[in-house]
Amino acid sequence: MLQNGRLNRGREAINEMSKRSDDQAFRTPALDETRLLELDAKYSSWGDTVHYLTPPKFFDRSEGSYLYDREGIPYLDLQMWYSAASFGYGHARLNGSLVRQLGRLPQLASQYLHSERLELAAAIGRLNESKFGLQGRVQFNVGGSQAIEDSLKIVRNTTHKNLVFAFMGGYHGRTLGASAISSSYRYRRRFGHFSDRAQFVPFPYCFRCPYDKKREDCGLYCLQQFEKNFETEYHSFWDPQAGESEFSAFYVEPIQGTGGYIIPPPGYFAGLKKILEERHILMVDDEIQMGMYRAGKFWAIENFDVAPDAIVFGKALTNGLNPLSGVWAREELISPDVFPPGSTHSTFASNTLGTAVALEAMRMMQEIDYETITRRKGAYFLAQLKDLQRRHPKVIGDTDGMGLALRLEICREDGHTPDRELTSAMFAEGLKGDLAGAGKPMGLVLDIGGYFKNVFTLAPCFDITEQEIDLAVDLIEQLIRRCAPDRLNA
Ligand SMILES: Cc1ncc(COP(=O)(O)O)c(C=O)c1O
């Protein structure tokens with residue numbers, strides 16, 4: 001009884017709290033931006049990505065597909081927190097699951113069990129059984145990079161090898177282990193020696209083919225080049241006598257995220273998996289950015305008919321609410337016999353708020369046909385982007401997309417040379433908040449990716465409407481008109 005009374009009082013307090021926060025939603029915070037930037041200059045580390053933009057941008061409120069600045073101006077968000085908030089800001093059903101858990105079991109040390117954690121692991125395990133016909137288990141963690149670290153442990157533990165392949169242009173996070181297998185040297189340069197740095201392999205980036213081939217008739221030359229590495233022991237990858245590679249796994253993003261939403265050609269991944277299987281090399285699929293329907297299927301790798309040995313996920317699983325990440329691995333790699341208690345741990349791994357939201361998100365994804373939704377909206381958006389490219393061939397060199405992962409590659413007048421300056425200018429212009437929206441000033445939130453920092457990687461909210469897609473394209477066109485007025489006519 002006493003417990004029930006307490007529980008009810010807890011729920012009432014939360015209801016009251018959420019009502020009050022509604023009332024306060026439009027309240028302007030006390031300090032003005034100048035004062036806050038003074039605090040930032042003095043007390044914040046500038047080591048993260050905030051200061052990629054000068055001055056950095058403030059936001060105050062979010063809802064659906066929109067962020068609102070401190071003046072209440074809406075910004076259509078085409079990036080949704082690097083695809084972490086795919087289901088939309090302030091999503092009532094997912095927020096509700098968080099609030100409910102706040103009233104019931106808001107905190108619990110990760111060493112104890114709670115039902116959502118187990119139901120969630122089972123939901124992911126069953127999903128992968130149905131998709132790949134493979135039994136496996138899930139290890140939870142908090143952020144994407146941490147789950148990558150766990151996956152590296154699982155790979156090393158199984159294979160007793162440190163070295164892995166990863167793609168040029170690939171990004172797996174910025175903890176030390178994840179940096180070692182992420183391609184950018186800029187992320188490693190100042191942080192000492194990375195002895196387990198991955199062997200980086202060219203990604204099939206057909207618009208800028210690393211081998212200067214043409215997609216139409218290359219015969220997947222890049223794959224052939226990769227396979228050649230195993231022809232003789234003197235290429236340093238393979239001991240034919242032992243039938244063993246020095247490399248334990250290949251870390252892949254099925255569609256490169258930070259690399260610029262690059263979609264590989266048909267047949268590439270199936271071919272790669274065959275090469276790896278023949279050499280007993282595992283495939284670890286990083287779905288942190290593309291998982292959960294971003295690319296039109298629950299896992300992006302499903303688009304390529306490949307069953308990976310392990311899948312790493314994070315971001316959208318909790319729609320950007322309490323973070324939760326994890327790695328699913330085939331039973332042989334993660335069963336308690338080989339990965340026993342204590343193999344990994346983090347205080348906030350499998351936090352109860354995260355598992356509650358993630359479980360609700362899994363249920364929602366079973367009930368709602370996101371495959372059809374993301375494919376239909378993605379096809380509509382891509383068609384509009386292709387039209388935009390036709391109207392602005394001196395600005396847009398390439399557009400592509402799969403599901404609601406779309407790319408817009410900004411180039412010089414020749415349609416191929418990367419135009420990093422124009423991309424940055426358009427990005428900054430969108431954040432000024434003075435574009436012409438539907439009868440009111442509006443901003444546009446984009447994100448820049450790509451090997452040359454000239455790609456807008458578009459990851460709109462799954463609830464985006466066709467009208468909003470039209471608006472998005474119109475806002476991008478306004479940016480082109482403002483930032484490249486001399487390149488408007490074909
Ligand atoms: C494909 C991929 N892997 C790993 C990460 C790292 O995840 P986190 O930033 O949560 O550590 C990211 C983040 O953007 C990502 O896109």
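Helices (H or I, at least four residues) and strands (E, at least two) are DSSP runs, numbered from the N terminus. This is a predicted model, in which local features need pLDDT of at least 70, side-chain atom pairs count only at pLDDT 80 or more, and totals for chains, interfaces and linings use all residues. Residues are numbered from 1 along each chain as its sequence is written, and side-chain values use heavy atoms, with hydrogens and water left out.

Start at Asp69. It sits in the loop between β2 (66–68) and β3 (74–77). Asp69 is buried, where buried means under 20% relative accessible area, exposed over 50%, and partly exposed in between (1.4 Å probe, protein chains only). Yet Asp69 has no salt bridge. That term requires a side-chain nitrogen of Lys or Arg within 4 Å of a carboxyl oxygen of Asp or Glu. The nearest side chain of opposite charge is Lys57, 4.2 Å away. Lys and Arg count as positive and Asp and Glu as negative; His and the chain ends are not counted.

Asp69 does have a polar partner. Its side chain makes a polar contact with the side chain of Tyr75 at 2.9 Å. A polar contact is a pair of N or O atoms within 3.5 Å; within protein, one must be able to donate a hydrogen and the other to accept it, and residues adjacent in sequence count only if both atoms are side-chain atoms. Leaving aside residues up to four places away in sequence, Asp69 touches Lys57, Phe58, Phe59, Asp60 and Tyr75. Contact here means heavy atoms within 4.5 Å.

Now the backbone. Thr54 and Pro55 are joined by a cis peptide bond, with omega about -15°. Pro55 lies in the loop between α2 (33–43) and β1 (61–63). Leu220 is not a glycine, but has a positive phi of about 50°. Its loop runs between β6 (199–201) and α8 (221–228). Tyr293, also not a glycine, has a positive phi of about 75°. Tyr293 is in the loop between β10 (282–286) and β11 (310–313). Tyr293 counts as buried because its relative accessibility is 10%.

Next, the interior. A nonpolar core is a set of buried Ala, Val, Leu, Ile, Met, Phe, Trp, Tyr and Cys residues joined through side-chain atoms within 4.5 Å. The largest has 107 residues, and Leu78, Phe269, Leu272 and Trp299 have the most contacts inside it. Helix α14 (residues 466–483) supplies the largest share of this core, eight residues. A second, separate core of 23 residues includes Val164, Ala178, Ile181 and Phe339.
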